[in-house]
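Subject: A structure for you to explore

Hi there,

Here is the structure I promised to pass on to you. Have a look at it first, and then read on for what turned up.

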Amino acid sequence: LVDLSLWPADGRVKAPGAKSKPGLAPLPYMLSLSVDPAYRRRGLGRALLTLSERIVHDVWGDSEIYLHVEDNKLPANTLYEATDYEALSYTFDPDFPYTKSEASVLRTVTWRRKRLA
């Protein structure tokens with residue numbers, strides 16, 4: 001399963017009720033990539049990731065894709081690091097600060113970006 005969408009690239013976790021700073025352009029965001037446990041370790045995650053990147057680049061015409069991944073998901077983080085998803089820093093915006101609940105979640109996830117060629 002892959003869930004691709006367009007979200008403002010502001011580092012906020014995409015969850016029900018989440019808000020982003022008004023006026024930011026939406027960019028490709030991978031909300032979810034999952035493989036049934038019975039089919040893991042067969043290259044399906046990498047294949048879904050590659051297909052998603054091709055859709056974003058070749059069909060949507062975009063050159064970057066963003067995602068969040070939970071820090072405790074070691075296989076997912078290993079896959080993203082092996083496929084050149086760089087970890088990004090969160091930046092504080094005094095005009096649109098993170099809520100306490102957002103800040104709590106952000107302490108346990110890494111925001112990543114890949115530049116597509």
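Arg-41 counts as exposed, because its relative accessibility is 84% and anything over 50% falls in that class. You will find Arg-41 in the loop between S2 and H1. Its phi is near 65 degrees, a positive value in a residue other than glycine. Please keep in mind as you read that this is a predicted model.

Asp-84 is another residue with a positive phi, about 70 degrees, although it is not a glycine. Look for Asp-84 in the loop between helix H2 (74-82) and S4. With a relative accessible area of 59%, Asp-84 is exposed.

Now for the strands. Is S3 mostly buried or exposed? Of its 7 residues, 6 are buried, so S3 is largely enclosed by the rest of the structure. Two strands pair with S3, and you can trace each pairing on your screen:

- S2 and S3 run in the parallel sense and pair over 2 bridges. In this pairing, Tyr-29 stands opposite Tyr-66 in S3.
- S3 and S5 pair in the antiparallel sense, over 7 bridges. Here His-68 stands opposite Trp-111 in S5.

Helix H1 belongs to this picture as well: S2, H1 and S3 make a right-handed β-α-β unit.

Next come the charged side chains. Side chains of opposite charge can pair when their charged atoms come close. How many salt bridges does the model have? The count comes to 10 salt bridges, and three of them are worth a visit.

The one to start with joins Asp-93 and Lys-21, whose closest N and O atoms are 2.8 Å apart. This pair links distant parts of the chain, 72 residues apart. Asp-93 sits in the loop between strand S4 (86-88) and helix H3 (100-106), while Lys-21 sits in the loop between strand S1 (2-8) and strand S2 (26-33). Asp-93 has 21% relative accessibility, so it counts as partly exposed. Lys-21 is also partly exposed, at 28%.

Then there is the salt bridge between Lys-114 and Glu-53, with 3.2 Å between the closest N and O atoms. Lys-114 belongs to strand S5 (residues 109-115) and Glu-53 to helix H1 (residues 44-59), so this pair ties together parts that are 61 residues apart in sequence. Both Lys-114 and Glu-53 are buried.

Arg-115 and Glu-64 form a salt bridge too, their closest N and O atoms being 2.8 Å apart. Since Arg-115 lies in strand S5 and Glu-64 in strand S3 (residues 64-70), the pair ties together parts that are 51 residues apart in sequence. Are the two partners buried or exposed? Arg-115 counts as exposed, at 53% relative accessibility, whereas Glu-64 is buried, at 17%. The story of this pair goes on, too: Glu-64, Glu-86, Arg-113 and Arg-115 are linked in a network of salt bridges.

Let's turn to the aromatic rings. A pair of aromatic rings is described by the distance of the centres and the angle of the planes. The structure holds 5 aromatic pairs. One of them is made by Tyr-90 and Trp-111: their ring centres are 6.1 Å apart and their planes lie at 15 degrees, so the pair is stacked. Tyr-90 comes from the loop between S4 and H3, and Trp-111 from strand S5, so the pair ties together parts that are 21 residues apart in sequence. Tyr-90 counts as partly exposed, at 27% relative accessibility, while Trp-111 is buried, at 9%.

Which residues form one aromatic cluster? They are Tyr-66, Tyr-90, Tyr-98 and Trp-111.

Leu-6, Val-59 and Trp-60 make a nonpolar surface patch of about 310 Å². Of these residues, Leu-6 lies in strand S1. Leu-6 has a relative accessibility of 48%, so it counts as partly exposed.

Enjoy exploring, and write to me whenever you have questions!

Best wishes

Note on methods: Residues numbered from 1 in each chain as written. Predicted model: local features only at pLDDT ≥ 70, side-chain atom pairs only at ≥ 80, totals over all residues. Heavy atoms only, no water. Salt bridge = Lys/Arg side-chain N within 4 Å of Asp/Glu carboxyl O. Helix = DSSP H or I, 4+ residues; strand = E, 2+ residues; numbered from the N terminus. Buried < 20%, exposed > 50% of the residue type's maximum accessible area, 1.4 Å probe, protein only. Pairing = 2+ DSSP bridges. Right-handed = clockwise from strand over helix to strand, strands pointing away. Patch = residues over 30% accessible without salt bridge, like charges linked within 9 Å, V, L, I, M, F, W, Y side chains within 5 Å. Areas by Shrake-Rupley, 256 points an atom, 1.4 Å probe, with all protein chains shown as cover. Phe/Tyr/Trp six-rings, centres within 6.5 Å; stacked < 30°, edge-to-face > 60°.
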